[in-house]
Amino acid sequence: MTKSEGKSSVILSKSGDESTLVVPVVNDNEKSKSHSAKSASTQMQLLHLAKQFALDGVLVPELQQVPLEDRARKRERLSHLRKQQNMEAIIQKALAYCSDGDVVNRTDQDWFNSYISLAEDISNNTMQDLWAKILAGEIYQPGSYSLKALQVFRKMSINDAKLLAKACSLAIKDHSRKNIRLISGCYQKPGILNMFDKNRQKNVNLSPFGFNYSDLLNLADNHLIFTQESETNILNKGECLNFNYNGLSFAMTTKKANCVLRFYKFTAIGVELAHLIGDKPDTAINEYLKQQLSSHFSIA
């Protein structure tokens, strides 16, 4: 590599079968320029990825390049090894979630084959752990996770998974755990006596708890939640709604007649994937809901 004023370069040299990275030489003027430093950093990252995925063959001097067909075979071999390594890591993690007790039903082999094709490219440790929970849950109770849910989950990033976890930490469930809702507010049907009551309608703002409307839209894009609000039937005075909030009993009793609770509902796929998230009750949101809905409901 040559060093010239105002320029730097990065190349790969080859010795035997292994490619080695030649660190760029940067002159004193460049060291003072943050832009050049960032440029070199992105080059290094790209070269590292290219080498890791066997895509660096063209970056070595032409006379030292391995034939294209051989480079393609090497990349295919590394890809198979990486997938094997990923699946073995997931299986190992799944064992920790499995019990040694007998189960009545056996997992469908076609489901397992499809599961492998979706999970084998997952190398992130956190995501591997969630895929392991899916596998253990399906083995324990076949039919817990549909292939449609797995296909949605495969497209989710680690940030999407964290967002789902945040939504679950703020949501209430019915006792069957098949319906999950984010409370968005409540109101009393308008009448002569309450037409101008400023407390007739109350909204729930989840932004202070790290969840805003753009997050809701993100979950909707992943088919995990409906963007259109749903409502309960009109409730009579003294009527009680029983829910579960992250493992805690959550009972709402109407103080007035003609009250309605508003909420955003999880989709069937969202409910399936929410089972991956452990219960994490937040006393702050609990107190906030009591305060915001106190005009129409008492919450115990």
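## A first look around the model

Let's start with a pair of strands: strand 7, covering residues 240-245, and strand 8, covering residues 248-254, run antiparallel to each other and are joined by six bridges. Keep in mind as you look that this is a predicted model.

If you follow T254 across, you land on F297, its bridge partner in strand 10.

M252 turns up again in the largest nonpolar core, which has 63 residues. Along with Y115, W131, L182, F266 and L293, M252 is among the members that touch the most others in that core. What does Y115 touch, leaving aside residues up to four places away in sequence? The list is M87, I90, W131, A132, I134, L135 and L150.

Now for the helices. Helix 6 (residues 147-154) packs against helix 5 (residues 125-140) and also against helix 4 (residues 109-119).

| Helix pair | Angle | Axes apart |
|---|---|---|
| Helix 5 and helix 6 | about 175° | 12 Å |
| Helix 4 and helix 6 | about 5° | 10 Å |

With an angle of about 175°, helix 5 is therefore roughly antiparallel to helix 6. On the helix 5 side, the residues that meet helix 6 are M127, L130, W131 and I134, and they come up against L150, F153 and R154. Sorted by class, this contact has six nonpolar residues, no polar ones and one charged one.

The other pair sits at about 5°, so helix 4 counts as roughly parallel to helix 6. Helix 4 brings W111, S114, Y115 and L118 to the contact, while helix 6 brings L147, L150, Q151 and R154. By class, that comes to five nonpolar, two polar and one charged residues.

One last stop is N205, in the loop between strand 5 (201-203) and helix 8 (213-221). Why does N205 count as partly exposed? Its relative accessibility is 39%, and partly exposed covers the range between buried, under 20%, and exposed, over 50%. N205 and S184 are 21 residues apart in sequence, yet their C-alpha atoms are 7.2 Å apart in space.

Key
Residues numbered from 1 in each chain as written. Predicted model: local features only at pLDDT ≥ 70, side-chain atom pairs only at ≥ 80, totals over all residues. Heavy atoms only, no water. Pairing = 2+ DSSP bridges. Helix = DSSP H or I, 4+ residues; strand = E, 2+ residues; numbered from the N terminus. Core = buried A, V, L, I, M, F, W, Y, C linked by side-chain atoms within 4.5 Å. Buried < 20%, exposed > 50% of the residue type's maximum accessible area, 1.4 Å probe, protein only. Contact = heavy atoms within 4.5 Å. Axes fitted to C-alpha atoms, helices over the stretch in contact; angles between N-to-C directions. Parallel < 35°, antiparallel > 145°, perpendicular 65-115°, else oblique. Nonpolar A, V, L, I, M, F, W, Y, C, P; charged D, E, K, R; others polar.
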